[in-house]
Amino acid sequence: MLRIFVSCALLVLSACSTQQSAELEAFARAFTEANQATGVEAMLAIYALEGTTENTKNLLKNAILYELGLPIQSISFEPLTGLPEESIEYTHQDVDYIATLEPSMRMRVRYATEDRFESLYSIAQNNAGEWRIVSTRPK
């Protein structure tokens, strides 16, 4: 009986892992497609922007424009390690900012550029179960 339970439990865990892998692969494809778009709208659509300010959106647009169209070498996903640089909370001009979603993973995008440029993104699933790049909003 215990052996059957353990086998079933392993199947469930492996199914969850496989499902999450498929979802992350789909998110990587969505990121790649948005990266090849002619404007920033497709990339902004994969960010969690609920509650963000117009200033934050404008800053994001400028950052996206810098990377838009760069050739992607690889996209990988990593667990968060708890290091301070993974924190999204900060204070600017006496306003406290927090994450739009609680980050659960890090996405590493390596570009096929001469300088091997790469970007790190905190990502999380929203209430609908969709992966999004985490942004900030006033607390």
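Modeller: Two strands pair if DSSP finds at least two bridges between them. Helices (H or I, at least four residues) and strands (E, at least two) are DSSP runs, numbered from the N terminus. This is a predicted model, in which local features need pLDDT of at least 70 and side-chain atom pairs count only at pLDDT 80 or more, while totals for chains, interfaces and linings use all residues. Residues are numbered from 1 along each chain as its sequence is written, and side-chain values use heavy atoms, with hydrogens and water left out.

Biologist: How many helices and strands does the protein have?

Modeller: Three helices and eight strands. Along the sequence they come as α-α-β-α-β-β-β-β-β-β-β.

Biologist: What makes β3 and β4 a pair?

Modeller: Three bridges join β3 (residues 90-92) to β4 (residues 95-99). The rule asks for at least two, so β3 and β4 pair. They run antiparallel. Tyr 90 has Tyr 97 of β4 as its bridge partner.

Biologist: Why is β4 also said to pair with β8?

Modeller: Three bridges again, between β4 and β8 (residues 136-138).

Biologist: What lies between β3 and β4?

Modeller: A turn of two residues, and the two strands form a hairpin. Gln 93 sits in that loop. Its phi is positive, about 50°, although Gln 93 is not a glycine.

Biologist: Why is Gln 93 called exposed?

Modeller: Buried means under 20% relative accessible area, exposed over 50%, and partly exposed in between, with a 1.4 Å probe and protein chains only. Gln 93 has 67% relative accessibility, so it counts as exposed.

Biologist: Where is Arg 116, and why does Arg 116 count as exposed?

Modeller: Arg 116 is in the loop between β5 (105-111) and β6 (118-125). Its relative accessibility is 69%, so Arg 116 counts as exposed. Arg 116 is not a glycine either, yet has a positive phi of about 55°.

Biologist: What share of the protein counts as buried?

Modeller: 33% of the 139 residues. The accessible surface comes to about 9100 Å², by the Shrake-Rupley method with a 1.4 Å probe. Carbon and sulfur atoms hold 55% of that surface.

Biologist: What makes a site a pocket and not a cavity?

Modeller: Both are sets of points on a 1 Å grid over the protein atoms alone. In a cavity, a 1.4 Å probe fits but cannot get out. A pocket is an open set with protein on both sides within 12 Å along at least five of seven lines. Lining residues have an atom within 4 Å of a point.

Biologist: What lines the largest pocket?

Modeller: There are 27 lining residues. Tyr 47, Leu 60, Leu 120, Tyr 121 and Val 134 lie nearest its centre. The elements giving two or more residues are α1 (2-35), α3 (54-67), β5, β6 and β7 (131-134). α3 gives the most, with six. The volume of the largest pocket is about 510 Å³, meaning the space filled by probe spheres set on the points, with grid points joined across faces, edges and corners.

Biologist: Which residues lie nearest the centre of the second largest pocket?

Modeller: Glu 86, Ser 87, Ile 88, Glu 102 and Pro 103, from a lining of 14 residues. The second largest pocket has a volume of about 210 Å³.
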